[in-house]
Structures are given as structure tokens and as C-alpha cells.
There are 2 protein chains.
Amino acid sequence: MHAFLGNAQLPSTPRGDRLEFSEWYAEVLRSAEIMDVRYPVKGMYVWLPYGFEIRQRVVEKLRRKLRETGHEEVLFPTLIPETQLKKESEHIAGFEDEVYWVTHGGLKELDEKLALRPTSETAIYPMFALWIRSHADLPLKIFQIVNTFRYETKHTRPLIRMREITTFKEAHTAHATEEEAEEQVKEAVEIYSSFFDELGIPYIASVRPEWDKFPGAEYTVAFDTLMPDGRTLQIGTVHMLGQNFARTFEVTYETEEGDQEYVYMTCYGISDRVVASMIAIHGDERGLVLPPDVAPYQVVMVPILKKGVRRKILERAAEVEEMLREEGVRVKVDDRDMSPGRKFHYWELKGVPLRIELGARELEEGTAVVFRRDELERETYAFEELPDVVPELLEDIAMELRKRAREKFEKGIFRTDSPEEARRLVGEGIVETGWCGSERCGVRMEEEFGGDVLGTPYPEEDTEFERCPICGETAEYTVRIAKTY
Amino acid sequence: MHAFLGNAQLPSTPRGDRLEFSEWYAEVLRSAEIMDVRYPVKGMYVWLPYGFEIRQRVVEKLRRKLRETGHEEVLFPTLIPETQLKKESEHIAGFEDEVYWVTHGGLKELDEKLALRPTSETAIYPMFALWIRSHADLPLKIFQIVNTFRYETKHTRPLIRMREITTFKEAHTAHATEEEAEEQVKEAVEIYSSFFDELGIPYIASVRPEWDKFPGAEYTVAFDTLMPDGRTLQIGTVHMLGQNFARTFEVTYETEEGDQEYVYMTCYGISDRVVASMIAIHGDERGLVLPPDVAPYQVVMVPILKKGVRRKILERAAEVEEMLREEGVRVKVDDRDMSPGRKFHYWELKGVPLRIELGARELEEGTAVVFRRDELERETYAFEELPDVVPELLEDIAMELRKRAREKFEKGIFRTDSPEEARRLVGEGIVETGWCGSERCGVRMEEEFGGDVLGTPYPEEDTEFERCPICGETAEYTVRIAKTY
């Protein structure tokens, strides 16, 4: 890769220091060349080649999962006419303050304003009305990977809160019955769960409270993860739309009996935040730590050259490269004219899972030194073992990253029935407590504990809590509260 | 694939009838399920799953070529601030009438209007100014695949003239010297040539006349192909930008001697039109004819079921499917409950290169009937031959499509020094004639012959013509004129 920004070094701030996370994050995005934040529009950034590679691999992973489960890929226009966007009243009420409007074409004012899609329901469902005629057309499951826009007034931050979300992977489905739509919600939750699992991103799924569901949905299941500063990040949502949008956009089908019925719909999406959380959760004081599945290079080889055996070392490196490539490993030999130490540093910053060091000594002994980015430890292997060992190590790294992240995540979930405890712990992580289920008490919790209600566990479970800490009535649910991004 | 629009039939208009091309094109896009034109914004359309698959394969082909030649992929924001877009005066003059403007965020008017990118020079080059410091950073070669927007006032048409171009593959490069930039223009022309060749799209490359070059460029090399109605379609452009944008956006580098110099730049792009031309040029009265490389399915197998041997035929089909998949062939068994005739029709419309028919007779004889979409002819092969024969046939189809298209294209190029001939032949195809080189005569030709000047041959060649048909002076160039899309 081209060294866009030179070999900038991460400031050596200690890891885990909460106050520093925000600084660490900005610095890693910059120095590992993920995104350039200097684009002159607030909240809009440039994906650099290395970041783009990671993004592509993450996208392809989800694309594969969606295709395997029968979702077909489409692509809708970016612009939505005002009348269409405003058709569903709850929906537009939820987005009104955040929509970018195109009002002019050339020097001429447009007859009708066009919205830059904040999300695509109102673009897609009028076409569903044309595509769906009978029960034989159902279920209909589509997805698209697009950019969406939100005129954010809160503090913007790359990949976390952007005015142009560059990679919204949104699926939309229509079904004949409510049960099938409920099944689809479950399938979506499964797809997303396995997707996050494979990236080692820990999460909990919650049914968002009424006052925080997707505008126009019956209910919303949201995935939240925990960032190093103790705040949660919403990384995916699944919405049961019921027949709400179907009524607005007249999406009907003819049943086997010949009646016209409204379809039941669901939609679900994942944004750039999946990359943000992956970076934040696995990274350390040396920079990125990438899950092998999505690392642009899985192995980098650094020849430690020495006069006399220079050529032999490079030949051996080429041999290893060839061997690993045959095993399907993405490998790069770094033969730049630069000290090995600087190369080590460079590729650690970039999060490459494995480094192979090859010097005069290894050449002589028929070995190679393998350095694991996740554990920061070296081990020596016989040369011939590499084609077996490297794929195993890559698998092990993926597992370890996932395990480590999950353990840390679990430690950030606190169960308490004491309001004082809850108040103290919100900000450290996710607080679970009892809830009578009333909106009044939910909102009071947000005020008193100083966090947001994430919702109740999905799938639903019996609560272990006895009382609602606000009103003292019987707890009907477990509720989760946290400071959120 | 989901049958989005049912199994609509193409009207049986004879192929090659010029007056009908426009109708044929619209009907093929609809019935082969490429794009849905019913989206309620003029000039903006929906990619359907089958069309999207083709689009993706075309995109991946070019992406691979760009990466192999050292271009790195990035992704820039969609919106460009007004001051930035207007910085280069020639450039904005060329786009002013066509730019969509975002003026409001939520209910608030923006401090500065934002343009939906019509093209990305003015978004990218200010970042080049930040990225490039010294000669060691050069050459810089990047590309991105994005949507761009033009408020077109001319007649819009899917994939040919759209208000949202959904798939603009644009590359931008910076170099230390003019010679290197000139070399880059050549590399770009080579990349595009091999790209079009592999899709069997015939073309000529011309240096556009001064009055039709890219706004802000020193010169423009454009690829034109010929549509079935005798009009040319511009399918790719390569621009030598010289130091023009570098001066505007202060893109400088430090030379080895320590001086600050402006870089030399080039840019080049290909839009959705590559798909339009591929469809138009290879298609016939039965629908699409897809080059095997980009066909979602390369082989479709239609079992001709008969009582008694039903299961055996399906088993054999599964066997063939497995055999071909091992050869890397994209194959589908169509076991829908539908007559074989309807299936034949369906997959011919969709342009699948090969169809394998398997019935009781073939089962008994140990053979299979293979139907070529390009030649509309059947041949019988022994069952065991299929893994060898099918890949060969696919290659042969690609070659034949290319050859056939090239032959037809050559027949649409006319050389004449008579103004009367030229006037008569413009509209039939591309007319080549002599030219003194003056803009005055060029513009007169456009008026008198009723076409547009495409430009002079690239690479430059000595003209065979003696006189400019307008002024009668010595012809310095060969010039090409055609009716254009």
C-alpha cells in the first residue's frame, strides 16, 4: 500500500485509560490510514486504501451471508421525492430534522424537493407495491449496500456518527403472514449474530423501548456493543414493521383464496459502525488488531537482511510466500529499504495478525520466527511447518480475539436492584435492573441514572429482578441502561 | 432469481430494425429484469437483482484491472462544497447547468450549498494537496467506484443518460513529470481497451476536439462504440489534465533538488454505459446475449422430465452440475414446475450463454444436448465430454461475440472525402473524412453533416485524406463525425 500519511507513530498513551479512548481512536484512524478526516465538510470523511480494504472485506462477509439466506441484491436511487418521504407520518417525524434536501438542479429550482435518503423504506416500498401481486411473489427478500445521509447535529466522529454513512447494508422483506415476518426477524438476528461473532465483536440484543424504536416500526431489536470508554454503540438493528408501511404504500397481495391482503414487512441494517467497533474493541496501544478474516494482509514477512546471505534470505522469503499463498493465506513480503524495527512497528500499527521474521539465523536453522499481533509474542517454527501452522494460528487468533472481547464485555455488564448502584455504574458499562414496564419509570431511570434505556432482553426472558427501582412495583422485565454513543 | 416481473415476453420485433432499437432496448431491460424504470424520479432507476449481478461482474472486472496496475481504491464523500466546486473556472462552467444542489439540512438552510458530485476532481484534488509532499509520494494512482449526479435536460434513458449515474469508476493520478502523465494516459487507454475487448465491445479511441474536451483538461481521449441504431455512444474517457488542476488546488511536490513543483495529473472514467452497450451490441430478438465472463449463470440446465425416468434425469442433472462447478463454471439447474419450452424462452431472454438439455433419450444414450445462445444452435455431446467441452464453448462464445461485434462495427465506419456522402452516411455510423484542423471547419461539419465531431484518431496517425471538405485546404487530420447519444 502507498504510505499516504507517512509512518506516523501512535502516541504512547497507555491502553485502557478511558479518558483517552477518543484520542486513541482518532489517532489510530489517522496513523493506520483508515480514514482521512480533513475533508472540508463536517461529518464527512475519506476512506483511505487500507481502510477501504478492510471495509470491503467486512462488506463481502455480510453480503455472502445475506445471499446465502436468499436475499437478492438491488440498488435504488439516492434521492427520494418529498411527497414519498412524507407519506408515513411517524417515519418522517423521526427523520425530519436530519434530512438533507436537494432543491436546485443547475440554476433552476426543482418542482419537487428531493431528499438524500436517510434510510430507504420510502424509496423501496412503492416499488414493492408494483412487484408483489400474489402470494407466489412472497416472501420477497432484498438488500442493498448504499450511502445514506443524516444532518447530524450531535458531535460527529468517523465511522461512529457521520453525516454521510458510507456503507449502509440494509435489507427489506415482505411476507404473507405475521408469523413469517416474526420468523424473518429471528433469521435477521441470527445472521447479524454470526456476522458479529465472526468479527469477534461482543454484543447484546435488546428490544428497544417504545420511545426509541424505529419510526414507523412495531418494534425494534437492536444490537449494542461496549466501547472501551464504557459507552455502548448501537451496531445493528432489526425492525418488525407489521403492516404499517404496507398500508401507507398499498403493498398488497392476492391470497390463494383471491382476497387482497396487506403484506407484513421487516427491515434491518448495519452501518459503518461495525468497522468502528471492530477497531475500538480489538485495538491496543500499538494500533489496530485485525481479525484475520478481514485483514488486508494476514501475514507480513520481514526479511532481516545480512551481508552475504541477503539473496538467500530473500529467496527463502519468496518460498514461504508461495507456500502460504497456496494455503489461501493473504501474505506480503515487506522488502522496503527500511530497518526491520520500523517495519515491525508499521505492520503492528496496521494490525496484521501474524509477522514472520526471517534472518541469517533462521536460514541456518531452517526455522522462522512467528509473531502474533494479538498476544505480542514470538515463537519459532520449523520452516516446513509453516503451511500447517500459519492457518491454524490465524484461526486461533480469531478465536482468541473473540474470547478476550467477550470476557471484557461480560465484565462491563452489571446487575443491580439498587438505584444508587445503578447511578454509579452507568458509564462503566451496561446496567441491568428491574422494570415495571411503564414509560414513565423508563424515562425516570434515564434521568436519574444518567443513561439511556437500551431496552429489554431479546429473546424475551423472565426477569430475575423483583422490583422496579423507580416505582417499587413488581418488575415485569429486566431493563438495560447505559451511556450511549 | 426471483421472478420480479413475471415472465414477460419480448415483442417479436425483428432484430436490426433501426427504428425499433429504442423500443427493443427498453423492453429488454424490463423483461430480462435489468432495471425497473418506474421509480418516481425522472432519470433515476432501480437495479433489479439480475441486472445487479451483471453490473457487479462488470465492476469487478475493471476493479481487478485497476488494482493490478497499481491503482489503490478509496472512497470520497458524495457532497462537494460550493467554493471548492467553483474553484476551477473552466471546470465549473462545464458543469454549472447540471449540478444538483443541497441547500437545507433538516429545516435549516445550510451555511454553504453542497453539490452532489457531478464528477470528483474538486473533491479529490484538495486531498492530493495534503497527501503529496515529495517526489517519493509520486506517482499517486487512486480510483473509486461511486454514484454521480447530473441534472440532465436531454431525454433520459436507463444506463445511457441518467440523472444518477450509479456506477462511475473513476481514476485519478498525479505524476512528477509531463512524460509520466502522458505514459499514464497510455496505460489508461490500454486498461480500457482490454476491458472493452473482454466484454466484446468494439470501439474507437479519438482525441475529442477542443470544444468538446473535459472541462479543465488539456485534452480528452474518448472511447466510442456504435449502437444498433447507427448512433455512437461514448463509453469511456481519459483526460490529460496537465498542471491545470494542480495550480488551482495547489498540488505540489518537493523535487529531489528541494524545489516545489506542481504535479501533472490525469483522470479517467467509465460509467454504467458499458453495460448499456454490452446489452445493445450483443442482444438479439430473443433478448440478452451475455459474454460468459459477466453472465450471472454461464450454463443453465433444463431437465426434460418424463414419467418413469424422472428421478434418474434429475440425478444426472445434479451430476453434471457438480462436474461443471468443479471446472469453475457458474451453473444452475432449473427444476421449476414449468414446461421446458417456457424455461428455454426464459433463459434465452436472460442471455445465458449455454443451455444443457437432458431428457430420457440423452439419459439412455449417455449424451446431453448443448444449445449456444449466440448462434442459437444445438449440438449433442457425450456426457463425459462436458467438463472439457463446456469451458471451451464458453471461451469460443466470448471470442465469437467479440468477432461478430467487431465486424459489424467495422461496417459502420465510412471513409469519404465527399461532403454529400458524409451528409448521407452520418446517421448510418461513423464517417471519417479530412480536416484542416480549424474549429471553424469542425463546427461547420457538425452543422452541414448533421452529426457531432468525435475527434481525431488516437493514437495519432497520418491522414489518408487530402483536403478538408469544408474549406478545401490541405487535410492535416482524419476527423470522425457521427450522430451521438
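Modeller: By class, 13 nonpolar, nine polar and twelve charged residues line the largest cavity. Do keep in mind that this model is predicted.

Biologist: Thanks! What makes a residue part of that lining?

Modeller: Having an atom within 4 Å of a cavity point does. For the largest cavity, 34 residues make up the lining, and those nearest its centre are Arg55(A), Ile145(A), Val146(A), Arg55(B) and Ile145(B).

Biologist: Which elements each supply at least two residues of this lining?

Modeller: In chain A they are α2 (49-68), β7 (140-149) and β8 (164-175), and in chain B α2 (49-68), β7 (140-149) and β8 (164-175).

Biologist: Why is this space called a cavity?

Modeller: A 1.4 Å probe fits there but cannot get out, so the term cavity applies. The volume of the largest cavity is about 560 Å³, and the count of cavities of 30 Å³ or more is six.

Biologist: Now the sheet. How do you know that β5 and β6 of chain B pair?

Modeller: Pairing needs at least two bridges. β5 (residues 100-105) and β6 (residues 108-116) of chain B have four, in the antiparallel sense, therefore they count as paired. Trp101(B) stands opposite Ala115(B) in β6(B).

Biologist: What is the strand order of the open sheet?

Modeller: The six strands run β4(A)-β6(A)-β5(A)-β5(B)-β6(B)-β4(B), with antiparallel pairing.

Biologist: And what makes β4 (79-81) of chain A and β4 (79-81) of chain B edge strands?

Modeller: Each of these β4 strands pairs on one side only. From one strand to the next, the twist averages 45°.

Technical notes
Residues numbered from 1 in each chain as written. Chains lettered and ligands numbered in written order. Predicted model: local features only at pLDDT ≥ 70, side-chain atom pairs only at ≥ 80, totals over all residues. Heavy atoms only, no water. 1 Å grid on protein atoms, 1.4 Å probe; cavity = no way out; pocket = protein on both sides within 12 Å on 5 of 7 lines; lining within 4 Å. Points joined across faces, edges and corners; volume = space filled by probe spheres on them. Nonpolar A, V, L, I, M, F, W, Y, C, P; charged D, E, K, R; others polar. Axes fitted to C-alpha atoms, helices over the stretch in contact; angles between N-to-C directions.
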